[in-house]
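My entries follow in the order in which I made them.

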Amino acid sequence: MADHHNHVLDFFTPRAADWDSRFPDDGPAYAAAAGLLGLRPGDAVLDAGCGTGRALPALRAVVGPGGTVLGADLTPAMLEEAARKGRGESGTLLRADVARLPLRDGALDAVFGAGLISHLARPEADMTELARVVRPGGVLALFHPIGRAALAARHRRTLTADDLRAEPVLRALLAGSGWRLDSYTDEDDRFLALAVRRS
């Protein structure tokens, strides 16, 4: 686990300062995804692996001033950049590992994870931990502002059948960790998998 943490920190720390400038047009996609979580004013939501906090304003807009918005990330430089951009005003920023969240069971109505799944050390165990902190019937959104094929092309990779975001693989992963995949969208301009916390 320590090796994985070091890998995550080594990857994200030097990229934090210019992360947003690499993806300047993603804001509307984040807002649209946040709007599909089914959240209501007063709800509690976690942005897991929040990075520079790009989703936090959109999540705050959905849950309103009486809701709870948390942004958790492992990389201090990402959280510092989120704070510098004022996104701490939209939610509470936490340095935390999604494998061990400092939250009580069932504390949340939803979890939002943008680009999260490919950076998890133990995907099934980590999805189980996310299920632990969400109430039965709550929602998990796994999001990326571009689809699998476009992302693979960007990184000069070939899509493979064992990709964690491939629908059959993701459906099985979620089923084994307390979730039921409810909808799956993989288009050039959006990847969004919505799952419901099983009771």
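**Entry 1**

I looked up Leu 174 and found a relative accessibility of 1%, so Leu 174 counts as buried, the cut-off being under 20%. The model is a predicted one. Leu 174 sits in helix α8. I listed the residues that Leu 174 touches, leaving out those up to four places away in sequence: Met 127, Leu 140, Trp 179, Leu 181, Ala 195 and Arg 198. I also took a C-alpha to C-alpha distance from Leu 174 to Gly 113, which comes to 14 Å for a sequence separation of 61 residues.

**Entry 2: the chain as a whole**

I counted 8 helices and 7 strands in the chain. The radius of gyration is 15 Å, close to the 16 Å that the globule rule gives for 199 residues, so the chain is as compact as a globular protein of that length. I noted spans of about 45 × 40 × 35 Å for the C-alpha trace along its principal axes. Of the 199 residues, 51% are buried. For contacts between residues at least 6 apart in sequence, I found that 67% join residues at least 24 apart.

**Entry 3: helix α6**

Which residues of α6 are buried? I have Pro 123, Asp 126, Met 127, Glu 129, Leu 130 and Ala 131 on the list. I then looked up what covers these buried residues, and the cover includes β1 (44-48), β4, β5, α8 (167-175), β6 (179-187) and β7 (190-197).

**Entry 4: charges and salt bridges**

I placed the 24 positive and 26 negative charges of the chain, and their mean positions are 2 Å apart. Side chains of opposite charge can pair when their charged atoms come close. The count of salt bridges comes to 11.

I first took the salt bridge of Asp 105 with Arg 132, where the closest N and O atoms are 2.7 Å apart. This pair links distant parts of the chain, with Asp 105 in the loop between β3 (92-95) and β4 (108-114) and Arg 132 in helix α6 (residues 123-132), 27 residues apart. Is Asp 105 buried or exposed? At 54% relative accessibility, Asp 105 counts as exposed. Arg 132 has 25% and counts as partly exposed.

Arg 132 also forms a salt bridge with Glu 129, with the closest N and O atoms 2.8 Å apart. Both residues lie in helix α6, 3 residues apart, about one turn of the helix. An α-helix has 3.6 residues a turn, so residues three or four places apart point the same way. I noted that Glu 129 is buried, at 12% relative accessibility.

I next looked at Asp 109 and Arg 135, which form a salt bridge with their closest N and O atoms 2.6 Å apart. Asp 109 lies in strand β4 and Arg 135 in strand β5 (residues 134-144), so the pair ties together parts that are 26 residues apart in sequence. Asp 109 counts as buried at 14% relative accessibility, whereas Arg 135 is partly exposed at 28%.

Which residues are linked in a network of salt bridges? I found Arg 148, Asp 163, Arg 165 and Asp 186 linked in this way.

**Entry 5: two loop positions**

I looked up Gly 88, which is in the loop between α5 (76-84) and β3. Gly 88 has a relative accessible area of 37% and is partly exposed. Leaving aside neighbours within four places in sequence, I found Gly 88 in contact with Ala 82 and Leu 93. From Gly 88 to Gly 53 I have 7.9 Å, C-alpha to C-alpha, for 35 residues of sequence.

The other position is Ala 121, in the loop between β4 and α6. Ala 121 counts as partly exposed, at 33% relative accessibility. The C-alpha atoms of Ala 121 and Ala 99 are separated by 8.5 Å, and the two residues are 22 residues apart along the chain.

Technical notes: Residues are numbered from 1 along each chain as its sequence is written. This is a predicted model: local features need pLDDT of at least 70, side-chain atom pairs count only at pLDDT 80 or more; totals for chains, interfaces and linings use all residues. Side-chain values use heavy atoms; hydrogens and water are left out. Helices (H or I, at least four residues) and strands (E, at least two) are DSSP runs, numbered from the N terminus. The radius of gyration is taken over C-alpha atoms; the globule rule is 2.2 Å times the number of residues to the power 0.38. Buried means under 20% relative accessible area, exposed over 50%, partly exposed in between (1.4 Å probe, protein chains only). Contact means heavy atoms within 4.5 Å. Lys and Arg count as positive and Asp and Glu as negative; His and the chain ends are not counted. The place of a charge is taken as NZ of Lys, CZ of Arg, CG of Asp or CD of Glu. A salt bridge is a side-chain nitrogen of Lys or Arg within 4 Å of a carboxyl oxygen of Asp or Glu.
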